[in-house]
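Reader: I'm new to this one and would like to learn how to read it. Could you walk me through a few features?

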Amino acid sequence: MLPGTEVLRAMMTRATNEPVLIISTRYADDVARMVTEASMGPRIERRADAAAERFQSEPVRMVVVDCRGALELGLGVAKSLGPAVEERCGAMLVMLSRTDGESVAAAREAGATGVLVSPFGGEAFANALALAVRHADRLENAASQGDRDILITDRLTGLATGKQLNEWVSRQLAKGRSGVFVVAIGVGRFAQINAAYGRDVGDRLLGALAMRMSHIVDARHEGVDACLLARLAAAEFGFALAGDVSRDDAEALARQLVEGFSRPFAIDDRLIHLSGRAGLASAEALPGSDAMGLVHRAGVALANARGREAGAVAWFETSPGGDPLTRLADLESDLHSAMVKGGITLMFQPQLSVPGGSIMGAEALVRWEHPEFGQLSATTLLATAASAELALELGRYIRAQAIATAANWTGPEARLKLSLNVTAADLADPLFIETLAANLAQAGFAPNRLVLEVTEDALIEDMEAAAALLDVLRRDGVQVALDDFGTGYSSLARLAKLPVDILKLDRSLTLCLSGTERERILVEAVVAAGRRLGLSVIAEGVEDAVQLAAARAAGCDGVQGFCVAPPLDAAGLRAFCRTRQMHLPAMGG
């Protein structure tokens, strides 16, 4: 596949000398110069009232409407030209002043297929014009194949709509096309960005993302007969392709699309970082599936990918136990009921201090007692919650229940610290701090008894925003633990910059403590570095006395695992603490 820059050059080569109608009352000559530099032919109209007549008289399909310094007049021109440009299978690029950046959505509604906001240079203009050419080429191709309904696009991004994607896939299946694949792509942290910067920035960000994905799609694999990129929901996109391509080809393209999220987006003077995940479904693997079912199954795969690290790509898979789509739909309904009727239960796994041997805390672990399937894992619970769009509600529910339970602990366990897992979605919740503070206040639970466990994947999605949020909580006494260290992006250099108090070694590193000498030396160095940074170090997954001794020898401050105790319910935790008759450490800040 070609890099994006080479794709743009190829697109511009195809468009050499294509005429472009410029509607500009103030800066027509400057725009004409940029059009010429892009190897296309400028045709200028300086009078707004003559724009429609001029377009009808010119054999052009590309229009540039310059609204800079004349917003209302320019948008009026765009609105009047929109239907004619669409009928001609053309494209319209609208240019806005920086002070009019909030009018991007209005420009899209007026009929713009692309929007540029000042300041921008000749290269950015050429790129936008190249994408406009590509858009027009796609529409002409769709019209020639009888897919006229694809001419109506999502006004915010210029992409096809979800309805059009379903209809397009249906036609490919009806034609008996080989290699029909659907990819659902989810944008991480978008709700947080909308809340922080406003809808205008969010809209422009979606437009920039659509443009970047269009670059990648245009550099598609050889053998693809047809493809379509669409916007499915607020921050969710879909991509379908058909042709002589394999499962590996489809996955490679999905990964390229997701990797396109990794480079920051420049909106005004901000650099905004996003993350993405993708789910895929194959018509060949799902014989008899219609278009809607195929798109839906790609969405189910995306829900599974959301439970993994940033950049994850997952396939929808069938199994002998039945159609996962049907099972998931049933589970989603059951989850709603469980959250109302108390079917979600909490277990607590004790954490042992080293070398003192006292119980210093317990991590809350969630389980789902399903009336038909019995106890389901946290992985199944979280995947179902993501698919049912209940992830935030579930996180709030778990935190409220765990804090209320811990507040009622008496005797030895009354001074234990409570550890709660926090996801990237939780950190992106604008009400996270507010609801957590309310939970603590209502239960009468001291903030200095609370530890929030966050994976590095969750922090890395927007380290600056996460650090600011967690620092607010840390000032109130809440501690933050970096969970599962040793997986994902883990590095000692990054560790020094993360807003954490506790380092939890992943069980893979804990296993190395009793492994080869080289493995042991490596983990001991990690423990020593963590402690020199002022962090407490806890080894997870300690399963036997050998690993416990190794963790103690390495200098760990605490351990957690079946060697200490399995996850226990509240009554079991109470009995465990009292049976051990261990002296609890004095509470710290």
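Reader: Let's start with one residue. Which residues does Ile 267 touch, leaving out those up to four places away in sequence?

Author: Contact here means heavy atoms within 4.5 Å. By that rule Ile 267 touches Val 201, Arg 204, Leu 205, Ala 208 and Ile 272, not counting residues up to four places away in sequence. A word on what you're looking at: this is a predicted model, where local features need pLDDT of at least 70, side-chain atom pairs count only at pLDDT 80 or more, and totals for chains, interfaces and linings use all residues. Residues are numbered from 1 along each chain as its sequence is written, and side-chain values use heavy atoms, with hydrogens and water left out.

Reader: Where does Ile 267 lie, and is Ile 267 buried or exposed?

Author: Ile 267 lies in strand E10 (residues 265-267). Strands (E, at least two residues) and helices (H or I, at least four) are DSSP runs, numbered from the N terminus. As for burial, buried means under 20% relative accessible area, exposed over 50%, and partly exposed in between (1.4 Å probe, protein chains only). Ile 267 has a relative accessible area of 5%, so this residue is buried. Also, Ile 267 and Val 117 are 150 residues apart in sequence, yet 9.4 Å apart in space, C-alpha to C-alpha.

Reader: And the protein overall? How many helices and strands does the protein have?

Author: There are 23 helices and 22 strands. Of the 589 residues, 53% count as buried. Among contacts with a separation of 6 or more, 68% come from residues 24 or more positions apart.

Reader: How do I read two packed helices?

Author: Two packed helices are described by the angle between their axes and the distance between the axes. The axes are lines fitted to C-alpha atoms, for helices over the stretch in contact, and angles run from 0 to 180 degrees between N-to-C directions. Take H9 (residues 199-218) and H10 (residues 247-259): their axes come within 9 Å and cross at roughly 150 degrees. That makes H9 roughly antiparallel to H10; angles under 35 degrees count as roughly parallel, over 145 as roughly antiparallel, 65 to 115 as roughly perpendicular and the rest as oblique.

Reader: Which residues make the contact of H9 and H10?

Author: Met 213, Ile 216 and Val 217 come from H9, and Leu 253, Gln 256 and Leu 257 from H10.

Reader: What about H16 and H18?

Author: The axes of H16 (residues 432-443) and H18 (residues 463-475) come within 11 Å and cross at roughly 20 degrees, so H16 and H18 are roughly parallel to each other. Phe 432, Ile 433 and Leu 436 of H16 meet Leu 469, Val 472 and Leu 473 of H18.

Reader: Last one: how do I read salt bridges?

Author: Side chains of opposite charge can pair when their charged atoms come close. Here a salt bridge is a side-chain nitrogen of Lys or Arg within 4 Å of a carboxyl oxygen of Asp or Glu. A search of the whole structure finds 22 salt bridges. In one of them, Arg 46 pairs with Asp 29, the closest N and O atoms being 2.8 Å apart. Arg 46 lies in the loop between strand E2 (41-45) and helix H3 (51-57), and Asp 29 in helix H2 (residues 28-37), so the pair ties together parts that are 17 residues apart in sequence.

Reader: Which residues are linked in a network of salt bridges?

Author: Arg 43, Glu 45, Arg 54 and Glu 58 are linked that way. Within this group, Glu 58 and Arg 54 meet at 2.8 Å, N to O, and Glu 58 is buried at 14% relative accessible area.
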